[in-house]
Structures are given as structure tokens and as C-alpha cells.
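I opened a new page for this one and wanted to work through it step by step. Here is what I looked up, in the order I did it.

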Amino acid sequence: MSLPNRNTQVQLRRQREGFPDVADFQIADAPVPEPVEGGFLVRTIYLSLDPYIRKAIRGDHPGHAALNPGDVIYGRAVCRVVKSRSHDVKQGDYLVAETGWQNYAALVPKKIVQRIDPALGPLSTSIGILGMPGLTAWGSVAHVARPVMGDTYVVSAAAGPVGGTVGQLAKLAGARVIGIAGGKEKCDVALRTYGFEACIDYKKDGWEQALQAACPNGIDIYHDNVGAPLLMTLVKYFNLYAKVVMCGRPGDYHSGEFGGLSLGPFIGKRAQLRGLVVYDYEKDLPQYLRVASGLVREGKLRFKEDHADGLETAPAHFLKLMRGENVGKAIVVAGPEKG
Amino acid sequence: MHNIQVQLAKQPDGNPKTSDFQVVKTDLPKVADGQFLARNIYLSLDPYMRGAIAGRHMGHQRLNQGDVIYGRCLAEVMESKNNDYAVGDYVVLEAGWQQFYVSGGEAADEIRKVDAKTAPLSANLGALGMPGLTAWAGVEKLANPALGSTFVVSAAAGPVGGTAGQIAKIKGCRAVGLAGSDEKCRIVVGEYGFDACINYKNKTWTDELKAACPNGVDTYFDNVGGPMLDAITQQLNLYGKIIMCGLVSQYNRPTDNAFHGHNMGPFVGKRAQLLGLVVYDYYARMNEFMKAAVPLVNAGRLKFHEDRVEGIDKAPEHFVKLMNGQNTGKALVSIGPEKA
């Protein structure tokens, strides 16, 4: 196969405080790079958009230096090896790797996040339910929260890949799952696709009363994807010794000045808050994939994706995610699966 | 016979002032059937009272002008028409800031009998009382720090912090205290035997803490909250534990909205565990605690330091001093002699 000689990239145009804007990004053409000895060249298929990227661009996320104008934006993608000078990968392999926002990336093996077995499920799920978001949910439910039957388990960002999987795993573990999401469309996904007991639209008046009504026995476990302002409201409905898994915090990513967590109510509830970082569970990925791929095939673990076509749509799709307007896992389709 | 009470004159605005209190002479109520008369000997002053007065502390209604201030006392039973309490018994109970209190023996008075022979009477309000139980619950039941790990505690000269650090030390931890003056730090190291104590009023206190904790912080027993917690979280090891016990730095805030907000990011990055502690949950285990603690006190392995004033009328200024962090050790008011 002959390779094209143009590589579309999405680069940082400017580093700026505050909420990101499409004008912070620029589309550029670069030559297709050559892999170094021991490296390989991949073609991007499904680019994963995630809230942490906002922090990574600013150098505010573990393992990511601040980007300069002209740098390719950080990102992981499902990709296919088109040329290999490495013994670790061969042409035609599917991987999840740190490609950045570009059509082609010359990588070295340590940029591999995950090797994909295409037999496990649809390729795109490797950046969703059968990838890091799913593993995050597994870490949260199976390792940190460990619900018991009958627990009332509340999940924010409930339509997203982490929240949606947390809720479904909690339900499989016998908990009563209540989602919180912004907008009717997302709540419909939580209810109909994921099968949650209830989903509260926090953008609707009276949502707090609706939550209270949905949790008549109080809240035992809360998986937090969004940060302090919502948590400060939810703590009022916690049972004593309620557990909180502190996970992603998109609310943090574009503002350093929001209210923050005030501890008094958490002491009163004897709450147990624990931070979760998915990297700690990477060694559990094979085990998780064995369990989860079976559940996905049986239709017991379901997922929802929000696709945009073409790399040049990535900035707008990313902003949609940051504004909370996406429904399901945000993915940019950068190229075809085959070829 | 008369009773002297300290009542609320007006709700404090921010830091309490002595003018927020009034000292009033009242008649002593008669003891009816089922009641007993307690003569208060020691009154315990504690930071939670600031929130209790304002109705911000669990189980305490906001006080109105003329209400007696909440407070736990060590008392002697002077007269009794209640079969559970005999004249001459020593008890700890919720008797308020006053010389005498008539109790019906209700659960709300949280009465606990005290054996005068086991330890100094006043210790029942400190190292062998609620503060000690709080420390024990936080260290033994919630944090359970490992041998050789580094245990940091704030308000380290006080009865909760001082006892927590000593228990951690007995468990084989490196105990490092934080306190608000060099004098307090001398007590923490010299009397309580901590490995180090940092005066957080020094500009370089975070560097000093880093030097005192070369292996990082594994457990932080937090009595103060606020920005200090954020600074210590930076030095927390992965999976470190934070016992959320008190928020002294926040109690004088005039409104709920003025509370310090913590960015959750660092807690997530450290995979921190924040565990809320309320001593009420451990009341039922008081005997278990005493079994462990009394021998330690008597053997001189669990020390306490008291900061006393004489006379119930001195309670307001002693409390103001406590809330300004100017006391050293357990704040007590001596109301009357141990033996009538």
C-alpha cells in the first residue's frame, strides 16, 4: 500500500486561561513521518476525546508537559500499524496509542496504551467500555466502592463512558443505581440504554427534590465525575459512612475559582472519600476485558458513542464535550477501520 | 444557695468576644423525684462549642440570649432522688457553664460515671474523656497507621491532637505535630514526646514539615481544615489517609458561605482517603478505650497538659483565648474544689 504524503494535524494555536475556544486550535498539514528504528507508524482510526486533555494541554495533568503553539494536541486513539520497524508490533495490528490529534503518528512501543484483540468487541470500544473508561469504572466499583446488595449508588455524568459503565457494573453487583446527567437526551441514555433505576436531569428545576424522591433510603455510594459544586449538594442526602469515589472532574478543568469542597458536612456524615486514578488498575486490564467483553456480547453491558467525522471536526467536538453537550463517549472518526 | 451561670448575651460575629457572654446569678432549682444535683468541679472548653452556640454543630440547637452555654463538666453528686446516682458519685455530664446543674438522668445529658481512683479527675475531660476517645477512634479505628509510617497531626498541643500523636507514637509511627507557637511545640516534643513539631506560623513551615517528614506523610489527622490541609495534601504519599476530625480554622467564620473550599484535584492525584470522624459513634466503646488508655496514663506513657483558670466567671475569657489559639493544652475552668 502506498502511503499518502500529507498528514492532517490539529495543533495548539495559543495557550490561554479560561474556557477553551475553537480559535485555540489550528488545522495544519505536515508530512507523514518516518518511524525510527524500533518504532512504527500508525494510522489513526478513532480518536478519543476526554476531559483530561484540557488539563494536559496546560501541563496540569500527570505525565503531560504544557503544549506550545504548533504542538499537536495530546490524545489517544484506536489506530492501525501501517509500517513497523519494531519487533513488538507488526503491520496490520490494531492498538490504542498516544497518537495525538493527527492522521499519522510515528511512535515507539512505550506510546502503546493497549493492544486490541478485534475479536473482543467493536474496535471503537477499546477507547470506551473495553478500554480505559471501562477500566476506570471497574476500579471504582470493584476496588474502591465495593457496593453491597441494595446500596443506593449515585453516578454523575451518567451518560458518559465512565459513569455509564460504573452504573451498569454497580447494578450487576446488586445496587440500586441513580444517574445524574445534564439534559433529557442524556437521561434517556442512562435509563433506556444503561437501564438505570432513575436519572435526574440537573438542568431541570426541582432536580434536587427529584433526586431525593429517587433515593428514599439516602445515598450510600456516590461516584463523582464532576467535582465539588454537585458534591456539596449531594452530601445532604448521604447516609452515615457514605462512600465517595473522586474520579474525573471536568468542572475543575477550565476554572480554578469554583467553590471547592467544604469539609464540614462530610465530617458530619462520616463520609469516606477516596481518589481514583485509573493508571493504578492497568495491570487489571486483561482480567477486566475478559469479564466485560463477555458482558458486552451478552448485551448486559451497553455503551453509547457520539461520533464526529474527520479530524478537522475534533476541536468543535472537544468543545461540545467540555460544554457537556455530547451524549455518550466522544469520538472523532479519523479514518476507516480497514486498510 | 445560689447558682452562677454563664449565658449567651448575643450571638458572636466571627471570633467570640467576652461581651458575647453574661454572668448571671440565679436561684438553685429544687431537686424533684428522679433528679439529682450536680456540683460542677471542672468545665471543659472545646472548639466545637463555637459551632454549637451558632447551631452549626450536630445535636446542638442555636442558642438564644439568656441560654446557658453548652459544656461538659466533671461534677460531684450533692443530692439525689435518682436511684442510679448516689451522693458522692463523680460524673461527667452535659451540665453547661454554671456552678450547679439539676439532671433528670436523661440520655441527652450524656452522663458517664467516673472512678476517682483510676486517674486524676480532670483527665476525664481530656486524655481520658471525649478528646482522648476522639483521638483513639481516629488513630486506632479509622487510620490504623502502620509501624514506621509518618503520622502528622494539627492542633498537636491540644488534647485531641496531643493524644492522637502519642497513640500513633506508641503504635510505632513517626509522630510530627503542627502547632501555633514555639511554646506549644515545646510541650508537643518535650512533654508528649513527638518526634518533631512545626510552628505553622513560621513562614517556612511547609519546608520545615518536609524536612521533618523525609518519607512523606502517610496519615494526616486534621483538626483544623482550611488552607493547612491543602498544604499538607501536597506532602501526602499516594494512598495517604486524612482523618477529617475538626475544622478549628473554620469555626469562627461568620457564615456558612465563608468556608474554605478545597480543590479536589490533589486528593484525586494522591488517591487520598478522606475519612470523617465523629466521636459520638464511639461512645459505646468508651470502656474499650479506657481499658487501653488508663494504664498508659498511669504509666506516664500518655501525657496531658492542662490550661486552667479559676472561677466560672472566667470561662468567657478563657474560651475567647482558646478560640484565638492562645491557650496551651486542654482548656479547663476550675469551678469548685474536688472535695466539697
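My notes below go from the single chains to the place where they touch.

**Entry 1: what I have.** I keep in mind that this is a predicted model.

**Entry 2: chain A.** I counted secondary structure here and got 10 helices and 15 strands for chain A. Its radius of gyration comes out at 20 Å, close to the 20 Å the globule rule gives for 339 residues, so chain A is as compact as a globular protein of that length. I also boxed the C-alpha atoms of chain A along the principal axes and noted roughly 65 × 45 × 30 Å.

**Entry 3: chain B.** For chain B I wrote down 10 helices and 15 strands. The radius of gyration of chain B is 20 Å, and the globule rule gives a close 20 Å for 340 residues, so this chain is as compact as a globular protein of that length. The C-alpha box for chain B is roughly 60 × 45 × 30 Å along the principal axes.

**Entry 4: the contact.** About 2200 Å² is buried between chain B and chain A, with carbon and sulfur atoms giving 63% of that. On the chain B side, I noted that Met264(B), Val268(B) and Arg271(B) lose the most area to chain A, together 28% of what that side buries.

**Entry 5: polar links.** Next I went through the polar links. Eight residue pairs are in polar contact across the interface of chain B and chain A. I also get two salt bridges between the chains. One I looked up is Arg270(A) with Asp281(B), whose closest N and O atoms are 2.5 Å apart.

**Entry 6: what the chain B side is made of.**

**Entry 7: strand to strand.** Which way do the two β13 strands run, parallel or antiparallel? I have them as antiparallel, with three bridges joining β13 of chain A (residues 272-275) to β13(B). Within that pairing I noted Leu273(A) standing opposite Leu274(B).

How values were computed. Residues numbered from 1 in each chain as written. Chains lettered and ligands numbered in written order. Predicted model: local features only at pLDDT ≥ 70, side-chain atom pairs only at ≥ 80, totals over all residues. Heavy atoms only, no water. Buried area = accessible area lost by both parts, 1.4 Å probe. Salt bridge = Lys/Arg side-chain N within 4 Å of Asp/Glu carboxyl O. Polar contact = N/O pair within 3.5 Å; in protein donor to acceptor, adjacent residues only side chain to side chain. Pairing = 2+ DSSP bridges. Helix = DSSP H or I, 4+ residues; strand = E, 2+ residues; numbered from the N terminus. Rg over C-alpha atoms; globule rule 2.2 N^0.38 Å.
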